[in-house]
Amino acid sequence: MSTFKTQSPSLPDSIPEKSLRVFAGSERLMMGGQFRRVQAVHVHEQYAQNRFDLALVEINKPVAFSETVQAVAVGESAFSGAGEVTVTGWGRTAETENTSYKLKFATVTALSGEQCAQELGEAFYEGALCFRGEENKGVACFGDFGGPAVHENTLVGVASYSAGEACGSEQPDVFVDVGVFYDWIQEKIGGDDSGETTTATSA
């Protein structure tokens with residue numbers, strides 16, 4: 001089964017699952033690449049108000065691997081926070097800008113669990129990751145949520161929301177720590193313990 005990880009709100013309840021499409025294999029949105037129909041969506045059972053903000057999207061047939069489409073290892077435990085992390089997305093580059101037609105990337109660093117809990121207050125939960133980019137600010141914006149955070153070729157997070165009132169604020173971006181939900185992921189994909197999944201950034 002080919003699966004893509006994303007965040008729960010990027011999958012509107014009003015749209016039938018089989019009307020959704022997955023796009024992979026191009027840095028230009030909706031140009032080139034491969035399209036697949038969505039066969040099923042598995043939203044985390046505890047999802048509510050940005051908590052447990054994770055979903056798996058099952059597609060109708062596998063994508064063809066190439067130079068631009070590859071499987072990625074999935075974190076098997078909570079992210080340690082050490083080292084730089086790369087995030088990608090087609091989101092806005094500023095609050096008032098349009099979403100991008102070319103895939104963008106940024107390098108971010110993780111806050112410690114204690115720092116993240118302090119920043120989020122009551123919104124913090126086990127499985128939340130906080131990231132900041134250059135100038136100690138958030139980098140995610142509308143259109144980036146659901147996108148991946150990768151560390152040393154391993155998927156460690158999925159973008160959930162920005163803690164600040166505006167994009168690029170001094171408050172962190174909040175991601176879901178996929179390693180915390182590794183057992184849940186394995187259960188949903190049928191116990192495949194290869195530790196890899198096909199992943200793509202949501203628009």
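**Rings that meet**

Colleague: Is Phe-23 buried or exposed?

Modeller: The relative accessibility of Phe-23 is 9%. Under 20% relative accessible area a residue is called buried, over 50% exposed and in between partly exposed, with a 1.4 Å probe and protein chains only. By this rule, Phe-23 counts as buried.

Colleague: What kind of model is this, and what is left out of the side-chain values?

Modeller: This is a predicted model, where local features need pLDDT of at least 70 and side-chain atom pairs count only at pLDDT 80 or more, while totals for chains, interfaces and linings use all residues. Residues are numbered from 1 along each chain as its sequence is written, and side-chain values use heavy atoms, leaving out hydrogens and water.

Colleague: How do the rings of Phe-23 and Phe-35 pair, and what is that kind of pair called?

Modeller: Rings of Phe, Tyr and Trp (its six-membered ring) pair if their centres lie within 6.5 Å; planes under 30 degrees apart are stacked, over 60 edge-to-face, and the rest tilted. The structure holds 5 aromatic pairs. For Phe-23 and Phe-35 the ring centres are 4.9 Å apart and the planes meet at 40°, so the pair is tilted.

Colleague: How many residues apart in sequence are the parts that this pair of Phe-23 and Phe-35 ties together?

Modeller: Phe-23 belongs to strand 2 (residues 21-24) and Phe-35 to strand 3. Strands (E, at least two residues) and helices (H or I, at least four) are DSSP runs numbered from the N terminus.

Colleague: Which residues form one aromatic cluster?

Modeller: Phe-35 is partly exposed, at a relative accessible area of 41%. Phe-23 also pairs with Trp-90: the centres are 6.3 Å apart and the planes at 45°, so this pair is tilted. Trp-90 sits in the loop between strand 6 (85-89) and strand 7 (104-110), so its pair with Phe-23 in strand 2 ties together parts 67 residues apart in sequence. One aromatic cluster is formed by Phe-23, Phe-35 and Trp-90.

**Sulfur links**

Colleague: How many residues apart in sequence are the parts tied together by Cys-116 and Cys-130?

Modeller: A search of the whole structure finds 2 disulfides (cysteine sulfur atoms within 2.5 Å). In the link of Cys-116 and Cys-130 the sulfur atoms are 2.1 Å apart, and with 60° about the S-S bond this link is right-handed. Cys-116 is in helix 1 (residues 113-120) and Cys-130 in strand 8 (residues 128-132), so the parts tied together are separated in sequence by 14 residues.

Colleague: Which cysteine does a disulfide join to Cys-141, and what is the pairing of the bonded cysteines in sequence order?

Modeller: A disulfide joins Cys-141 to Cys-167, with 2.0 Å from S to S. The angle about their S-S bond is 75°, and the link is right-handed. Cys-141 lies in the loop between strand 8 and strand 9 (148-151), and Cys-167 in the loop between strand 10 (154-162) and strand 11 (173-177), so parts 26 residues apart in sequence are tied together. Numbered in sequence order, the bonded cysteines of the protein pair as 1-2, 3-4.

**A histidine in a loop**

Colleague: Which residues does His-44 touch, leaving aside those up to four places away in sequence?

Modeller: His-44 is placed in the loop between strand 3 (34-43) and strand 4 (55-59). His-44 is buried, with a relative accessible area of 7%. Contact means heavy atoms within 4.5 Å. Not counting residues up to four places away in sequence, His-44 touches Phe-52, Leu-54, Phe-181 and Trp-184.

**The whole protein**

Colleague: What share of the 203 residues is buried?

Modeller: The protein has 2 helices and 12 strands. Among its contacts between residues at least 6 apart in sequence, 64% join residues at least 24 apart. Of the 203 residues in the protein, the buried share is 46%.
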